[in-house]
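Me: I would like to learn how to read the features of a model like this one, taking them in turn. Could we begin with a charge and a ring?

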Amino acid sequence: MRLEDLRPQEGSKKRRRRVGRGISAGQGASCGFGMRGQKSRSGRGTRPGFEGGQQPLYRRVPKLKGFPVVNRKIYTTINVEKLSSLPENTEVNVTLLRENGILTAVQGPLKILGDGEINVPLRVQAAAFTDTARSKIEAAGGSCEVVSMRN
């Protein structure tokens, strides 16, 4: 077998249909595209993704990094190091933090974050704690109490 002997398999290649060559050819005049309209004209009909003026799918879905959380929880956050200025065995909650000027604005329920160090035992009441915050408060001899998520 040589290179010049190579041929496509019998029946695998079909000749292209020659349209618009008269009525007896089977696809004459309008060439199977119907009468008038966008899809009968030469060139591409519409661009990929076009949905006839309706907002296309690629514009309807939100961009980047998944979908936004619809009813996301907004917390008032505070780090553990801010609590270290309070006296020992204080019961810490949102109202006490506002009175002491540690919190200035309350956007939602209180969440304690674990940045910084604490060495004062405190009884902390909050809606949520990070794992590091919980471990640091308990290591200092304090306690963490999860309260309901009210503003």
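Reply: Let us start there, keeping in mind that this is a predicted model. The charge to look for is that of Lys111, which lies over the face of Tyr75 at 5.2 Å from the ring centre.

Me: How should I read the strands, and what is the order of the open sheet?

Reply: The open sheet has 3 strands in the order β1-β3-β5, with parallel pairing. Its edge strands are β1 (76-79) and β5 (128-129), each of which pairs on one side only. Strand β3 (residues 110-113) pairs with β5 in the parallel sense over 2 bridges, and within this region Ile112 stands opposite Phe129 in β5.

Me: Which strands does β4 join by bridges?

Reply: Strand β4 (residues 123-126) is joined by 2 bridges to strand β2 (residues 91-92), and the two run parallel; here Glu91 has Arg123 in β4 as its bridge partner. Strand β4 is also joined to strand β6 (residues 143-146), again in parallel, by 4 bridges, and Gln125 stands opposite Glu145 in β6.

Me: How many salt bridges does the structure hold, and where should I look for them?

Reply: A search of the whole structure finds 5 salt bridges, and each can be read together with the accessibility of its partners. In one of them, Arg2 pairs with Asp5, the closest N and O atoms being 3.9 Å apart; that distance counts because the cut-off for a salt bridge is 4 Å. Arg2 is exposed at 54% relative accessibility, whereas Asp5 is partly exposed at 37%. Another salt bridge brings together the side chains of Glu51 and Arg60, at 3.3 Å from N to O, with Glu51 partly exposed at a relative accessible area of 31% and Arg60 partly exposed at 44%.

Me: Which salt bridge links distant parts of the chain?

Reply: The side chains of Lys136 and Glu117 meet in a salt bridge of 3.9 Å, N to O. This pair links distant parts of the chain, 19 residues apart, with Lys136 in helix α4 (residues 131-139) and Glu117 in the loop between β3 and β4. Lys136 is partly exposed, with a relative accessible area of 23%, while Glu117 counts as exposed at 62%. As for shared partners, salt bridges join Arg2, Glu4 and Asp5 into one network.

Me: Which residues other than glycine have a positive phi, among them Asn89, and where are they placed?

Reply: Asn89 has a phi near 55 degrees and is found in the loop between α2 (80-83) and β2, where it counts as partly exposed at 49% relative accessibility. Ala29, which is not a glycine either, has a positive phi of about 55 degrees; its place is in the segment before α1, and it is exposed, with a relative accessible area of 79%.

Me: Finally, which residues form a nonpolar patch on the surface?

Reply: Met1, Leu3 and Leu6 form this patch, with about 450 Å² of accessible area together. Leu6 lies in the segment before α1 (57-60) and is exposed, with a relative accessible area of 52%.

Terms used
Residues numbered from 1 in each chain as written. Predicted model: local features only at pLDDT ≥ 70, side-chain atom pairs only at ≥ 80, totals over all residues. Heavy atoms only, no water. Patch = residues over 30% accessible without salt bridge, like charges linked within 9 Å, V, L, I, M, F, W, Y side chains within 5 Å. Areas by Shrake-Rupley, 256 points an atom, 1.4 Å probe, with all protein chains shown as cover. Buried < 20%, exposed > 50% of the residue type's maximum accessible area, 1.4 Å probe, protein only. Lys NZ or Arg CZ within 6 Å of the ring centre and 35° of its normal. Pairing = 2+ DSSP bridges.
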